[in-house]
Amino acid sequence: MIVCKFGGSSVDGAAGIERVAGILRARLAARPVVVVSAMAKTTRRLLDSAEAAAAGNLAAALAGCEELCAFHRREGEAAVPTASRPPLAAALERSFDELRTLLVRLAREHRLEPRDADAVAAFGEVLASEILALALPGFGVAAAWIDARRVMVTDGAFTRALPLYEETGNRLRAALLPLVERGAVPVVGGYIGATRDGVVTTLGKEGSDFSAAIVGAALGAAEIQIWTDVDGILTADPRLVPGARRVSTLSFAESLELACSGAKKPHPGTLGPASKAGVPIRILNSLDEGAVGTLIGRRGAPTAAPAVKSLACRPNDHLLHVAAGPAAGERFAAQIMEAVERLRPALLVLRLDGDSADLALDRADRLAEAREALAAGGEVGVLHGRAVVSLVSEDLAGDNGLAARVLAAAAEYQPRLVVAGAAAPAVRCLVELEDMPSAVAALHRRLFDEPEEPAGEGPPGEGPPGNAAAP
Ligand code: ADP
Ligand code: MG
């Protein structure tokens, strides 16, 4: 069994759905289970409508709702076989009726509680999964829709809910395994779930990757495949570094570190369930089906040429400096780490010693919470408008030469601070926000594009260092 997760960029319309069907048809022997995100930009549009309604602009909210309805009807009708048009129409009517009712209530109440934001946002995945399940048989793939709200059981932390693993695992196995047994592909919406009482929740931004990992771990899948619009995990965000290259393998720890350091793929929550269950994750390009992508798994044998694997950055970080109070003493470090644990992955330790610490926070909306948590350790000062660039590799711990090389390269660009990540496989540079693009470009060039210095490690002329694959 494999889990195939398709992001919004892979199911952007009927053409995307047909491509997805082709990918699945070629993998039926591996018994795929599908986790799918909302189509294209649907989640953002749903939330825009909810916000408009809560701001009192019901007309705009309903207009947005009608646009989404027309989009899903048009793409859905183009994707499903003619015989499935009546169930498609019924599915659309059910969701959009509920959505309209919700928007009217939000306009009346004049506020948007996290609970209602989740209820609205969830329609994107409900619709995409229903449409995909109806479309697949037309392309020769037997399929069945599974309502994620019945199988993904979560706590009640709206907009960032966490699964109740045992119950979710039981429900997933009971609902999905019989379908797989009889040769059908179960299609589940990612990102969404519901509490034990059936109140709809979401797992937070990019939560569909997380859903895929939860499903893969519960079913003991052979692989969790995350199909997206890039060739895999790249050496940097391609929007910042157009020449970024595919990384062929990453350990779970490296991938987690990258995710927490600002790389969008995959969602940091994804790594926990996958690594605990020992299920590897592969990041693949749905526009280039034959390519191998990036494999994330248990750490392999150390490579002959230790190298930085990838670079990630977090713009808009707030820098928090904590000076240990006189009473802090030996508990200081523990107090800082408690705060980090509580605000993971928004709060990152840059530097920590006996009497002070520097941390970065990338969520303005959690600044008060972070300050309060850190105040247990000492006096907290805050600076805004910083960015943290992280260079990630587990080789950093085992190879002093690599660490020295990376620290030296980083120091060349005169960041405010360069540190070997506290208890993390990373070297981090703190820079002013406006310097981030140039620092990223320069570091990428230095660490991924220039030939290694003749440091006596590995045979010369091997091309790019480490396992960054050729473009
Ligand atoms: P999906 O719709 O499949 O979930 P996303 O847009 O959420 O896709 O995530 C894929 C995008 O993540 C890529 O198009 C790329 O722009 C961005 N990205 C940022 N950092 C990286 C990285 N290090 N490697 C690959 N992609 C990255
Ligand atoms: Mg995404």
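Here are a few notes on this predicted model.

1. Ground rules: local features need pLDDT of at least 70 and side-chain atom pairs count only at pLDDT 80 or more, while totals for chains, interfaces and linings use all residues. Residues are numbered from 1 along each chain as its sequence is written, and side-chain values use heavy atoms, with hydrogens and water left out.

2. There's one aromatic pair in the structure. F6 and W227 are stacked, at 6.2 Å centre to centre and 20° between the planes (rings of Phe, Tyr and Trp, the last by its six-membered ring, pair if their centres lie within 6.5 Å, and planes under 30 degrees apart count as stacked). F6 sits in strand β1 (residues 2-6) and W227 in strand β7 (residues 223-228), so the pair ties together parts 221 residues apart in sequence. Both F6 and W227 are buried, meaning under 20% relative accessible area with a 1.4 Å probe, protein chains only.

3. Helices α15 (residues 400-412) and α16 (residues 436-449) pack at about 150°, axes 9 Å apart. That makes α15 roughly antiparallel to α16 (angles over 145 degrees). On the α15 side the contact (heavy atoms within 4.5 Å) uses V406, A409, A410 and E412, and on the α16 side L443, R446 and L447.

4. Worth a look on the backbone: the peptide bond from R344 to P345 is cis, omega near -5°. P345 is in the loop between α12 (332-342) and β12 (347-352).

5. N316, not a glycine, has a positive phi of about 60°. N316 lies in strand β11 (residues 310-324).

Key
Chains are lettered from A and ligands numbered from 1 in the order in which they are written. Rings of Phe, Tyr and Trp (its six-membered ring) pair if their centres lie within 6.5 Å; planes under 30 degrees apart count as stacked, over 60 as edge-to-face and the rest as tilted. Helices (H or I, at least four residues) and strands (E, at least two) are DSSP runs, numbered from the N terminus. Buried means under 20% relative accessible area, exposed over 50%, partly exposed in between (1.4 Å probe, protein chains only). Axes are lines fitted to C-alpha atoms, for helices over the stretch in contact, and angles run from 0 to 180 degrees between N-to-C directions. Angles under 35 degrees count as roughly parallel, over 145 as roughly antiparallel, 65 to 115 as roughly perpendicular and the rest as oblique.
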